[in-house]
Every structure is written in C-alpha cells, then in structure tokens.
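Please look over the structure shown here before reading on. The questions that follow take up its overall build and then its aromatic pairs.

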Amino acid sequence: MISSIKLPAVQLQVAMGIPLHRIRDIRMMYKESPFGMNPIDFSSPKNPPRPHGHCLACRITAENPDEGFKPNSGTVQELTFRSNQNVWGYFSVQASGGLHEFADSQFGHCFSWGEDREEARTLVEFTDIQLIFLFRWEKN
C-alpha cells in the first residue's frame, strides 16, 4: 500500500535478529538488489523511498460519550462488514458475541486506502458497517 512492504513480516524478521539492510522488502523499497548484502545508509539513502497513497485507520469502540467515553459492555446481535480492495476491517467480536465490562472498549479497526487523504476518508465514510449492539446500562 503506502510502502509496499509487509510490516508484520518485517517485524518478525527484525525480532529474529536480521538486520534491516538484509530484509528483501526493505531492500526493494530502497531500490537495492533484493538479495544484496551491502549496508543501506538509512539516514541519507541513495534512493529514498516514496510513499504511495494514504491509509486511514478508524477505531471501532463501545463507549458512552455521555459518560466521558466510558467503556460499555453488551452483546453483539449482528455485525456485517464487507471488505473491498481499498477498505478492510478486523473485529475481535462476532455476531452473538459480546464485550464484558473488563474488556478494552476497542473491538475493531477499519482501514481505508486512497490516492490521497480525502479519498481514503471518503471511502471509509461511505463503507457499509452494520452493527447491532445491545448495551447493559447501569443506573447510578
């Protein structure tokens, strides 16, 4: 997308002790030979990487704005999300699942990619996410 690298894969390789300049995706991003061994001067590279597009991330949370965005718990009755090429999401609950009172209020992410920020924002704004969530309200 933005850099054409698979970030989780690179993170695992770094965690395994592989230097950045030896990782194929990083070398390709800096227009170096994919299987080369020469170090890359990341502070002033010969071929600085150029980002392509814009990615926007939206947090999906169960919070009550009237209570200072205090987390809410409840049951998910329905969750419908259809990804497409430029909009995708991940959720930690499913239909007939739920959030308990000790869980983090964030239960999903929605991402969009566009050529610029406005396109990415418009794509996520018009994405059809249907969520029916029954909250447990506690009286003070």
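Accessible areas come from the Shrake-Rupley method with a 1.4 Å probe, and they are computed here on a predicted model.

Q: What share of the accessible surface of the protein chain belongs to carbon and sulfur atoms?
A: The accessible surface of the protein chain comes to about 9900 Å². Of this surface, the part that belongs to carbon and sulfur atoms is 54%.

Q: Which is the protein chain, a compact globule or more spread out?
A: The protein chain holds 3 helices and 8 strands. For its 140 residues the globule rule gives 14 Å, whereas the radius of gyration is 20 Å, well over that value, so the chain is, compared with a compact globule, more spread out.

Q: Where in the chain do Tyr 30 and Phe 42 lie?
A: Tyr 30 and Phe 42 form an edge-to-face aromatic pair, with 5.2 Å from centre to centre and 75° between the planes. Tyr 30 is buried at a relative accessible area of 12%, while Phe 42, at 35%, counts as partly exposed. The pair ties together parts that are 12 residues apart in sequence, because both residues lie in the loop between helix 2 (24-29) and strand 1 (54-61).

Q: What kind of pair do the rings of Trp 88 and Phe 111 form?
A: Trp 88 is in strand 5 and Phe 111 in strand 7, 23 residues apart, and both are buried. Planes under 30 degrees apart count as stacked. The ring centres of Trp 88 and Phe 111 are 5.9 Å apart and their planes are at 20°, so the pair is stacked.

Conventions: Residues are numbered from 1 along each chain as its sequence is written. This is a predicted model: local features need pLDDT of at least 70, side-chain atom pairs count only at pLDDT 80 or more; totals for chains, interfaces and linings use all residues. Side-chain values use heavy atoms; hydrogens and water are left out. Helices (H or I, at least four residues) and strands (E, at least two) are DSSP runs, numbered from the N terminus. The radius of gyration is taken over C-alpha atoms; the globule rule is 2.2 Å times the number of residues to the power 0.38. Rings of Phe, Tyr and Trp (its six-membered ring) pair if their centres lie within 6.5 Å; planes under 30 degrees apart count as stacked, over 60 as edge-to-face and the rest as tilted. Buried means under 20% relative accessible area, exposed over 50%, partly exposed in between (1.4 Å probe, protein chains only).
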